[in-house]
Amino acid sequence: MACTTATGCQSTCYKNEEDDHQATPTPTPLTNSTKSPQPNPIPNGNHHGLCLKCKANHPISSASSGSGDDVRFCGDCFRSNLYGKFRLAVTSNAMISPTDKVLVAFSGGTSSRVALQFVHELQYKAQLNFEASRDRSLPVFGVGVAFIDESVACSVPSYEVIEGIEDIRQIVSSLAPPTKELLVFPIESLFSSTSTDGKDQLNRLLDGVTDATGKEDLLIHLRMLSLQKIAAENGYNRLVLGSCTSRIASHVLSATVKGKGYSLPADIQYVDARWNVPVVLPLRDCLSEELNMLCDLDGLKTIELIKSPCAGINSLVSSFVKLLQEENPSRQSTIVRTAGKLTPFDFNRIPEIIDTNVPLATRRRQKRYNLKPNESISTESFCPICNSPLSKSEVLSSTSVEDSHKDSHLFRVECCSSCQFQILPKDPISVDNFYMLLPQPLVSKAKHSKSDNLSILREQIEDCLLSDSEDET
């Protein structure tokens, strides 16, 4: 019986009995460490030194101390438990339906590699079920892979980029059918169709940001815009990110330091539908250490093309969280669970399926978790740079500016306080230059946001406004 909770159950009840009879892609053989000869008793509650789940094989590690999954589970049970966390997140939050077309954001790291592998296995099982069924009423969802080439912004040698992209092509092509499309998108293409012009505009934009953290955050926002552009232009309706518990825990602390507490709940949920293509985080309950271990056990190849910058708040917080994890293995999960108690936004659910072509069984399955039609997802106003929800005070400050000001000044006041402080220049002339270098999607969104903010503000204070008849009396 599968666990029905959606809060990241820590037990070993993820695997359904029926899944034992389903064929799965044969993983790479586990290393010899999974069958270490007669380990000493370990403090995992099992004095016989056997796997806590199957009670037959020896744990992955024979360390005499520790409480990680490597000293509790054998290789097969460890993998089954980790995949169970992924599948529980997918099914409990209606992330993927049979009619979806899913785009996996692939960076080459362990998190995105495991996300790609698990999505592939989910698709592979759906394909087997489709071929075995008589009526074939439920189609198999499509899967694509997107890689954002940021070498221009990070000064990576061209030969390394070429070799890295070729390795990614081999990883994607090595996956069993159904075939998956690989989309490589240079981030400078977001600015211009001409490579030279796009590179120059991107570098000038990044050079205009003096704060190291602001520059890193701006590049993250441009990466998301690129992923959204790829997904929309190629017909994908889901975007899968490999963000894990460790990454989210670091984001919780860094966002708090940056003063983005109001928008924090939007970034840490399983589903984020504020974007045109909803973003889902199926590895939200998996630790980075678990993902690294799985890559080692299954021989999943990873690629590190671009190294994270060592300066800035994000890097300092990541180092701090890693240190906390070494002192207490449950610290990262505690941070995420605590932040998860914050009230999510209405857009943190998948919109309800209204397509009559979608099988009725699929619509019924997802109805419990989806956003109802009468629940508006546009009641929030968003920052034109990072797309974070704006607080009421930020909305009021932006709507109080007269339209006679320059577009660059209107753009500045419509941004969240964090982007104003860390990304936007302080000098008005520099703001004008910065505004002129922004990619067109950001500029277009900013021009329409003011009227949207006014409409949202009027809806919020409508009960306090006088009608025309009351005003005359």
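User: Why does Lys85 count as buried?

Analyst: Happy to walk through it; keep in mind that this is a predicted model. Lys85 has a relative accessibility of 7%, and the cut-off for buried is under 20%, so Lys85 is called buried.

User: What makes the pair of Lys85 and Glu290 a salt bridge?

Analyst: The N to O distance between the two side chains is 3.1 Å. The rule asks for a side-chain nitrogen of Lys or Arg within 4 Å of a carboxyl oxygen of Asp or Glu, so the pair qualifies. This bridge ties together distant parts of the chain, with Lys85 in helix α1 and Glu290 in helix α9 (residues 288–298), 205 residues apart. Glu290 is buried too, because its relative accessible area is 8%.

User: How do you know that Arg238 and Asp100 form a salt bridge?

Analyst: Their closest N and O atoms are 3.7 Å apart, and the limit is within 4 Å, so this pair passes. Here again distant parts of the chain are linked: Arg238 belongs to strand β4 (residues 238–240), while Asp100 is in the loop between α1 and β1 (101–105), 138 residues away. Arg238 is buried at a relative accessible area of 6%, and Asp100 is buried at 5%.

User: Why is Asp200 called partly exposed?

Analyst: Asp200 has 41% relative accessibility. The side chains of Asp200 and Arg204 meet in a salt bridge at 3.5 Å, N to O. Both residues sit in helix α5 (residues 195–207), four residues apart, about one turn of the helix.

User: How many salt bridges are there by this rule, and which residues are linked in a network of them?

Analyst: The count is twelve salt bridges. Arg79, Glu121 and Asp298 are linked in a network. Asp298 is also among the buried residues of α9, together with Ser288, Glu290, Leu291, Leu294, Cys295 and Leu297. The cover over the buried residues of α9 includes α1, α2 (110–132) and α7 (245–257). Just after α9, Gly299 has a positive phi of about 65°.

User: Why does Glu380 have no salt bridge?

Analyst: The nearest side chain of opposite charge is Lys392, 8.6 Å away. A salt bridge needs the atoms within 4 Å, so Glu380 is left without one, although it is buried. Glu380 does make a polar contact, its side chain meeting that of Tyr262 at 3.3 Å. Glu380 is found in the loop between α12 (360–367) and α13 (392–399).

User: Why is Cys386 called buried?

Analyst: Its relative accessible area is 7%, and buried means under 20%, so Cys386 is buried. Cys386 lies in the loop between α12 and α13. Leaving aside neighbours within four places in sequence, Cys386 is in contact with His221, Lys260, Trp275, Cys416 and Cys419. Ile220 is 166 residues from Cys386 in sequence, yet their C-alpha atoms are 8.7 Å apart in space.

User: Which charged side chain sits over the ring of Phe421, and which residue lies over the face of Tyr236?

Analyst: Over Phe421 it is the charged end of Lys426, 5.4 Å from the ring centre. Over Tyr236 it is Lys101, at 4.7 Å from the ring centre. The distance limit is within 6 Å, so both pass on that score.

User: How many helices and strands does the chain have, and what share of its residues count as buried?

Analyst: The chain has 18 helices and six strands. Of its 473 residues, 49% count as buried.

How values were computed. Residues numbered from 1 in each chain as written. Predicted model: local features only at pLDDT ≥ 70, side-chain atom pairs only at ≥ 80, totals over all residues. Heavy atoms only, no water. Helix = DSSP H or I, 4+ residues; strand = E, 2+ residues; numbered from the N terminus. Buried < 20%, exposed > 50% of the residue type's maximum accessible area, 1.4 Å probe, protein only. Lys, Arg positive; Asp, Glu negative; His and termini not counted. Polar contact = N/O pair within 3.5 Å; in protein donor to acceptor, adjacent residues only side chain to side chain. Contact = heavy atoms within 4.5 Å. Lys NZ or Arg CZ within 6 Å of the ring centre and 35° of its normal.
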